[in-house]
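Reader: Could you take me through one part of this model up close? I'd like the details joined up into a single picture.

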Amino acid sequence: MKYTYYGDDDFNGIVNFDDYSHIDAGFSNGRTGWLNGDLDGNGIVNFDDYSLIDAAFNSQGAQL
């Protein structure tokens with residue numbers, strides 16, 4: 001198992017525009033799952049998922 005940030009849904013090691021694109025698409029299209037931005041695994045993409053990706057974006061560089 002690879003460690004990653006909550007917002008790094010494409011597992012490339014950084015939270016960037018691509019990850020935000022996935023969460024936006026998941027929110028707009030009602031999709032779920034990690035690759036669609038459902039970062040907390042509750043079955044919906046909502047504010048909580050955006051909070052997780054924002055926190056991960058702001059804390060990049062910290063050791064995992």
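Author: Let's start with W34, which is partly exposed, with a relative accessible area of 25%. Bear in mind that this is a predicted model. W34 sits in the loop between α1 and α2, while F11 lies in the segment before α1, so their pairing ties together parts that are 23 residues apart in sequence. The ring centres of F11 and W34 are 5.9 Å apart and the planes are at 15°, so this pair is stacked. F11 counts as partly exposed too, at 40% relative accessibility.

That is one of three aromatic pairs in the structure. F57 is partly exposed, with a relative accessible area of 41%.

α1 runs over residues 17–29, and its 13 residues reach 18 Å from first C-alpha to last, close to the 18 Å expected. D19, I23 and G26 are its buried residues. They cover an arc of only 60° around the axis, which puts them on the same side of α1. α2 (47–58) is included in what covers them. Over on the other side, F17 and S28 are exposed.

As for the ends, a side-chain oxygen of N16 comes within 3.2 Å of the backbone nitrogen of D18 at the start of α1. Just after the helix, G30 takes a positive phi of about 70°.

Terms used
Residues are numbered from 1 along each chain as its sequence is written. This is a predicted model: local features need pLDDT of at least 70, side-chain atom pairs count only at pLDDT 80 or more; totals for chains, interfaces and linings use all residues. Side-chain values use heavy atoms; hydrogens and water are left out. Helices (H or I, at least four residues) and strands (E, at least two) are DSSP runs, numbered from the N terminus. The expected span of a helix is 1.5 Å times one less than its number of residues. Buried means under 20% relative accessible area, exposed over 50%, partly exposed in between (1.4 Å probe, protein chains only). The arc is that of the directions from the helix axis to the C-beta atoms. Contact means heavy atoms within 4.5 Å. A polar contact is a pair of N or O atoms within 3.5 Å; within protein, one must be able to donate a hydrogen and the other to accept it, and residues adjacent in sequence count only if both atoms are side-chain atoms. Rings of Phe, Tyr and Trp (its six-membered ring) pair if their centres lie within 6.5 Å; planes under 30 degrees apart count as stacked, over 60 as edge-to-face and the rest as tilted.
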